Amino acid sequence: MEEQIVTSTILKQIVHIAGAGLLAAIATLFIYIHQCRSYFYQIRQDFVAYQRQQNDAAKNNGTGTKKKGNKKESCNNDDNNTFVIGFFHPYCSSGGGGERVLWKAIQALGEMKEGKLMDRRSNKSKKSSPLLSANNNKIRTDDIRLQNCKNLMVVIYTVDEPTATYQKDVLKHVQDRFSITIPKSLSLHFVHLHEEKHLLENNKTKRFTLMAESWGTMKLSWCALSAVTPHVFFDTTGCAFTFFVARLLGGCKVGAYVHYPTISTDMLSLVWKRRPTYNNDAQIATNPLVTWAKLIYYIIFAILYGLVGSLANLVMVNSSWTRGHIQYLWRLAGHVHVVYPPVDTESLKLLPLGGRKNIIMSIGQFRPEKDHTLQLKSFAKLFEEDTTMRTSNVKLALVGSCRGEDDQQLVDQLQKLARELNIQDRVEFILNQPYPVLKDYLSRASIGIHTMWNEHFGIGVVEMMAAGLVTIAHDSGGPKSDIITLPWNGKASDFNNYNGCLASNSKTYAALMQSILKNGSSSDVAMKIRENGRKQAGLFSDQVFLNAFKEALLSSSLLK
């Protein structure tokens, strides 16, 4: 009896101590968060005060006025450049589709600062804009969002090293590569985190990559906010774990444009089925015990990813496929807006549909998930299935950007594979070329090929369709759900409605390429698919993106 009493007393003491310890831990956490927020708040206030000093100096020097007729009109106010939106995009000077989204979004902000909140030619935009008055003709001047639009300033966090002409060089690159011009009224400020670049590059471990990279982005975002703390932290690279630092510790509102989920149910399914891929090593896939361990690791990461993702105040995604996965994982994030990526369809539509050469081309960064290997194998399969193609002048052109040493190693491996497949004389690698070079290939090529499994959207697919190529994409992800909605199977004679093709392996890719080449680049079936593909691509134009981005931003709480 006495022993039971002693045991009960000890248990109560343990519970009491554990409870006290838990409360102390929670209190310590709240104190830490409060201290962090005070720290970052002061950084923001100092930066805003600096901007006001710059405005005062500009007024005193007379640079803040401009002539209008015989009168002088003030173009500078005390709070100009004091509402800061910071874009977390470490590789902002690269030339991929993600960078095009970044700079088009910044262009949209520049237009908003100049008062161009919506495209006036769009009745739908006018009706749905939350800043329009009841008569749909005038902007409500009393809305805080309008004032913040006028006072916008953009900060870009990059790991590029600073140079005396960095901003000028980057903007020129953006103009040359994407044909995007940033309004001069929008002030840009680059925060160079080159000394912390190792936080991204040193985390490419062979094990626990997701956790390691996420931890690296969290530390990098801390460094970013320590330099300049914005009012709105906007991630355009898919680094959801930065939301924890930005919102909970930094006190920022958080916006996100998600190109693809860091983890998805499809990835879990691949591990469960023990299917080897670029992110599921064959040694793991063939070991049941290790497979179970990796599956548990993925589930834990997916739960954490869902929690941090739900911290976002505004979520935009690039396709209905991505929306489905993000809605499943970020269940507390609220409404998810589908904002299709911007594609320069207008200039590409000017390219002629006829007069095409026997060039098969692809567009995409040289990364493992893009599966350029499948493109080479499919091209080799074409010659294997139809030996007459050996006597033709058909070529394969791989156009894309190469961001660093890992990408270059992949290119070297692909070139080696081309030699092994005996197609090296028919394959071209076009790396890091400006937009006019890409456009030249798009004007001459007959067939477009895209092989990434579960591609989140497929900007390259849309570009090829807009340019008039008969495009073959992977039968999955965004290309299947949003872009090539009526695929031709290579045999059907009633081809009036088809807008592209879908394939899943080297055999089906080769069969479709063979059918298109055999029919001829100017055949009725090819020309009709080109026309329909170009029409479909119009749904993903630059202007559609600008309107959708502005609409999502204005309907959220980010600018309040």
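## Close-up views of a predicted model

**View 1. Val315 and its contacts.** Val315 touches Ala256, Val258, Ile326, Trp330, Ala333, His335, Val336 and His337, leaving aside residues up to four places away in sequence. The model shown here and in the views below is predicted.

**View 2. The largest nonpolar core.** This core holds 52 residues. Tyr157, Tyr305, Val315 and Trp330 touch the most other members. Helix 11, residues 288-309, gives the most to this core: 7 residues.

**View 3. Another core.** A core of 42 residues lies apart from the largest one. Its members include Phe87, Met118, Tyr166 and Leu186.

View 4. Six side chains are labelled here: Ile296, Ile299, Ile300, Ile303, Leu304 and Leu307. Together they make a nonpolar surface patch of about 530 Å². Leu307 counts as exposed because its relative accessibility is 51%, and exposed means over 50%.

**View 5. Asn532 in helix 20.** Helix 20 spans residues 524-537 and contains Asn532. Asn532 has a relative accessible area of 15%, so this residue is buried; the cut-off for buried is under 20%. Leaving aside residues up to four places away in sequence, Asn532 touches Phe495, Asn496, Asn497, Tyr498 and Asn499. With Asn496 there is a polar approach: a polar atom of the Asn532 side chain lies 2.7 Å from the backbone oxygen of Asn496.

**View 6. Asn532 and Val470.** These two residues are 62 apart in sequence. In space, their C-alpha atoms are 9.7 Å apart.

**View 7. The whole chain, for orientation.** The protein chain has 560 residues, and buried residues make up 52% of them. It contains 21 helices and 15 strands. Consider contacts between residues at least 6 apart in sequence: 73% of these join residues at least 24 apart. The chain exposes about 26,500 Å². Carbon and sulfur atoms supply 53% of that area.

How values were computed:
Residues numbered from 1 in each chain as written. Predicted model: local features only at pLDDT ≥ 70, side-chain atom pairs only at ≥ 80, totals over all residues. Heavy atoms only, no water. Core = buried A, V, L, I, M, F, W, Y, C linked by side-chain atoms within 4.5 Å. Buried < 20%, exposed > 50% of the residue type's maximum accessible area, 1.4 Å probe, protein only. Helix = DSSP H or I, 4+ residues; strand = E, 2+ residues; numbered from the N terminus. Contact = heavy atoms within 4.5 Å. Patch = residues over 30% accessible without salt bridge, like charges linked within 9 Å, V, L, I, M, F, W, Y side chains within 5 Å. Areas by Shrake-Rupley, 256 points an atom, 1.4 Å probe, with all protein chains shown as cover. Salt bridge = Lys/Arg side-chain N within 4 Å of Asp/Glu carboxyl O. Polar contact = N/O pair within 3.5 Å; in protein donor to acceptor, adjacent residues only side chain to side chain.
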